[in-house]
Amino acid sequence: MAGDSDAEKTEPASQQRLNKAREDGDVPRSRELATFTVLMVAGAGLWMTGGSLVGKLEHALQSGLSLDREQVHNPSILIERITSDLVGVLLACLPLAGAIMFIALASPLLIGGWNFSSKAFMPNFMKLNPISGIGNMVSTNSLVELLKAVAKTLVIGAVAWVVIMGQKEAMLGLALEPLNVGSAHVGALMAKAFLFIVGAYGVIALIDAPWQLYHYHDKMKMTRQEVIQESKESDGNPQIKGKIRQMQREMARGRMMQNVPTADVIVTNPTHYAVALKYTDGQKGAPRVVAKGVDDVAAKIRELGLEHKVTMLEAPALARALFKHTDIDEEIPEKLFSAVAEVLAYVYQLRAYKKGEGIYPDRPTRLAVPKEMDPNDPAYTGPGSTLTSNGNNGAMH
């Protein structure tokens, strides 16, 4: 049963799948909606420009049927006259043709949007497979398309029949009307028939558009296994990603440990935290944190510090504040300048004493660490009060 559930397409299509389908030229389309919009614009264009268009056609017809002796015996004049009449007709048709062309290009924006895919032009020999062709003929989509074609024929045919039969008496009376009156009457009858027939087509389009959207998204649905596989391909296997993150942490820790021997001082807490600081005389900016860690990492920093004779100072509040508010290779916060300056002054005096210069300095014990910078202080205002290292979890101590 689990296998059957996984094989069913129950999950909505992901954005990645929809993007790939668009690249392949597969987007939702409603031919009925596009046809309806073109017909409506064509009808509106004829209504607005019909008078001018009929006038131009009438003038061209009269001009073509009335020739004088000079035009008959001079082909150049005749060709010029015909050309002028044709240009006038084309210019009269231009607004209507432009409107129809514009709406034909813009109608895809209603469903699916514009989409150009070179893959749609590539030959697909699978379409020549007779088995798949027969399968497409008896598919649900083919049945729906057949029912749509039958429904369109019945609905539009029925509407046309009702309109024509309703105007039968008027149509038979056209033969008895004068030419001008009859022409206007014919135009009114055609406009009425057009509105009813295109209106019926619009109802079909309003039904077809939601169906096409539903059918497209139903076709693009995915199985649970496809969703899982796509997630693995896009985001990577979680186990592999975990291994990569672990390797990155180890590499970063290795680079950090290489900086410990160059530090000026290691501030400790005394065993849970260790932060190595470095300041170069004459450099711009404040001292920087070159290494930091808790628990096992802190122990390794202290071990390297002892091995390379780096001065270590026990200052719990300062160690916690530096660890919390400064990342590797970042300058210390401004609020800790005073405390760190006192620590570095102690380090420099201690170096001078070891060289035989000056007296042994007093170890600083009351450093000016603002309470709001110390995560252990009740007045702390920073985000959270529990510190963890990249590789080892450790509660605040």
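Here are some numbered notes on this predicted model, written to be read beside the structure.

1. Let's start with a helix pair. Helix α3 covers residues 31–65 and helix α5 covers residues 75–106; the two pack with their axes 9 Å apart, at an angle of about 180°. Because angles over 145 degrees count as roughly antiparallel, α3 and α5 are described as roughly antiparallel to each other. Sorted by class, the contact of α3 with α5 has 15 nonpolar residues, seven polar ones and three charged ones.

2. While you have α3 on screen, have a look at M48, which is found in that helix. Its relative accessibility is 62%, so M48 counts as exposed. The C-alpha atoms of M48 and L96 are 9.0 Å apart in space, while 48 residues separate the two in sequence.

3. The bridge links distant parts of the chain, 193 residues apart: D26 sits in the loop between α2 (15–23) and α3, and K219 belongs to helix α9, residues 179–219. Is each partner buried or exposed? D26 has 27% relative accessibility and therefore counts as partly exposed. K219, at 38% relative accessibility, also counts as partly exposed.

4. A second pair brings us back to α3. E32 forms a salt bridge with K152, with 3.1 Å between the closest N and O atoms. Here too, distant parts of the chain are linked, as E32 is in helix α3 and K152 is in helix α7, 120 residues apart. The surroundings of the two partners deserve a separate check. E32 has a relative accessible area of 4%, so this residue is buried. K152 has a relative accessible area of 22% and is therefore partly exposed, since buried means under 20%.

5. The third pair lies further along the chain. The side chains of E331 and R288 meet in a salt bridge, with an N to O distance of 3.7 Å. You will find E331 in the loop between α13 (316–325) and α14 (337–354), and R288 in strand β3 (residues 288–294); the two are 43 residues apart and link distant parts of the chain. E331 is partly exposed, because its relative accessible area is 34%. R288 is partly exposed as well, with a relative accessible area of 32%.

6. Now back to helix α7 for its surface. Which residues make the nonpolar surface patch of about 490 Å²? The patch is made by L143, L146, L147, V150 and L154. L154 is found in helix α7, which spans residues 140–166. With 58% relative accessibility, L154 counts as exposed, because the cut-off for exposed is over 50%.

7. A word on the backbone. The phi of D295 is positive, near 50°. D295 lies in helix α12, residues 295–307, and is partly exposed because its relative accessible area is 22%.

8. The other positive phi belongs to K309, where the value is near 60° in a residue that is not glycine. K309 is found in the loop between α12 and β4 (311–314). This lysine has a relative accessible area of 75%, so K309 is exposed.

9. Finally, a stop at T280. Where does T280 sit? The residue is placed in the loop between β2 (273–278) and β3. Its relative accessible area is 37%, so T280 is partly exposed. From C-alpha to C-alpha, T280 and D264 are 8.9 Å apart in space, and the two are 16 residues apart in sequence.

Notes: Residues are numbered from 1 along each chain as its sequence is written. This is a predicted model: local features need pLDDT of at least 70, side-chain atom pairs count only at pLDDT 80 or more; totals for chains, interfaces and linings use all residues. Side-chain values use heavy atoms; hydrogens and water are left out. Patches are made of residues with over 30% relative accessible area and no salt bridge: like charges are joined within 9 Å, nonpolar side chains (Val, Leu, Ile, Met, Phe, Trp, Tyr) within 5 Å. Accessible areas come from the Shrake-Rupley method with a 1.4 Å probe; for residues, only the protein chains shown count as cover. A salt bridge is a side-chain nitrogen of Lys or Arg within 4 Å of a carboxyl oxygen of Asp or Glu. Helices (H or I, at least four residues) and strands (E, at least two) are DSSP runs, numbered from the N terminus. Buried means under 20% relative accessible area, exposed over 50%, partly exposed in between (1.4 Å probe, protein chains only). Axes are lines fitted to C-alpha atoms, for helices over the stretch in contact, and angles run from 0 to 180 degrees between N-to-C directions. Angles under 35 degrees count as roughly parallel, over 145 as roughly antiparallel, 65 to 115 as roughly perpendicular and the rest as oblique. Ala, Val, Leu, Ile, Met, Phe, Trp, Tyr, Cys and Pro count as nonpolar, Asp, Glu, Lys and Arg as charged, and the others, Gly among them, as polar.
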